[in-house]
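Have a look at the model first.

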Amino acid sequence: MVEMKVFMSVAGHPKLAVSTTNLNFGSDTITKTFTIQNSGTGILSWSTENTPGWLTVSPRQGNLLKGQKATLTVSCSRAKLEMNSYTSELKIVSNAENQYSPVTIQMSVPRISTYSLSTRTLAYGYTDSIKNFYIKNTG
């Protein structure tokens with residue numbers, strides 16, 4: 001009789017699960033979060049791609065064991081952007097069977113009101129009871 005020991009290693013099958021497919025920042029929200037998870041087996045290696053200049057993501061990459069989750073923080077900056085609606089697709093790429101998951105990002109930059117005054121000061125004399133000034137909407 002021959003006795004033989006066999007060692008076998010089964011490769012894992014990581015699977016990327018994303019808690020949302022859409023983040024809408026509206027006209028005033030700056031930061032939102034969502035989670036990703038390895039809902040398969042093995043090690044899930046992931047990273048984010050296709051980030052426009054007005055968007056930051058943290059963390060941008062990582063590894064997750066079976067069942068582990070990571071919270072991603074997404075922030076938008078409206079500085080130097082024209083009044084408009086903006087849409088982009090954030091890609092989360094991975095070594096999973098479903099290699100990437102898109103998250104649609106929506107954000108708008110509202111109109112900023114500006115005004116001008118006809119005068120910056122009002123000087124009242126002893127007999128003055130009424131002074132006029134005007135506010136003009138210039139934006």
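Q: What share of the contacts in the protein with a separation of 6 or more comes from residues 24 or more positions apart?
A: Before the number, some ground rules: this is a predicted model, where local features need pLDDT of at least 70, side-chain atom pairs count only at pLDDT 80 or more, and totals for chains, interfaces and linings use all residues. Residues are numbered from 1 along each chain as its sequence is written, and side-chain values use heavy atoms, with hydrogens and water left out. A contact means heavy atoms within 4.5 Å. Among contacts with a separation of 6 or more, the share from residues 24 or more positions apart is 57%.

Q: What radius of gyration does the protein have?
A: The value is taken over C-alpha atoms, and the globule rule is 2.2 Å times the number of residues to the power 0.38. For 139 residues, a compact globule would come out near 14 Å. The C-alpha trace here spans about 120 × 25 × 20 Å along its principal axes. The protein's radius of gyration is 28 Å.

Q: Is Ser 94 buried or exposed?
A: Ser 94 sits in strand S8, residues 84–94. Its contacts, leaving out residues up to four places away in sequence, are Leu 16, Leu 44, Ser 45, Trp 46 and Gln 99. On the scale used, buried means under 20% relative accessible area, exposed over 50%, and partly exposed in between (1.4 Å probe, protein chains only). Because its relative accessibility is 13%, Ser 94 counts as buried.

Q: Which residue's backbone nitrogen does the side chain of Ser 94 reach?
A: A polar contact is a pair of N or O atoms within 3.5 Å; within protein, one must be able to donate a hydrogen and the other to accept it, and residues adjacent in sequence count only if both atoms are side-chain atoms. At 3.2 Å, the backbone nitrogen reached by the Ser 94 side chain belongs to Ala 96.

Q: How far apart in space are Pro 59 and Thr 71, C-alpha to C-alpha?
A: Pro 59 lies in the loop between strand S5 (55–58) and strand S6 (61–64), and is partly exposed at 34% relative accessible area. Thr 71 is among the residues Pro 59 touches. They are 12 residues apart in sequence, and their C-alpha distance is 8.2 Å.

Technical notes: Helix = DSSP H or I, 4+ residues; strand = E, 2+ residues; numbered from the N terminus.
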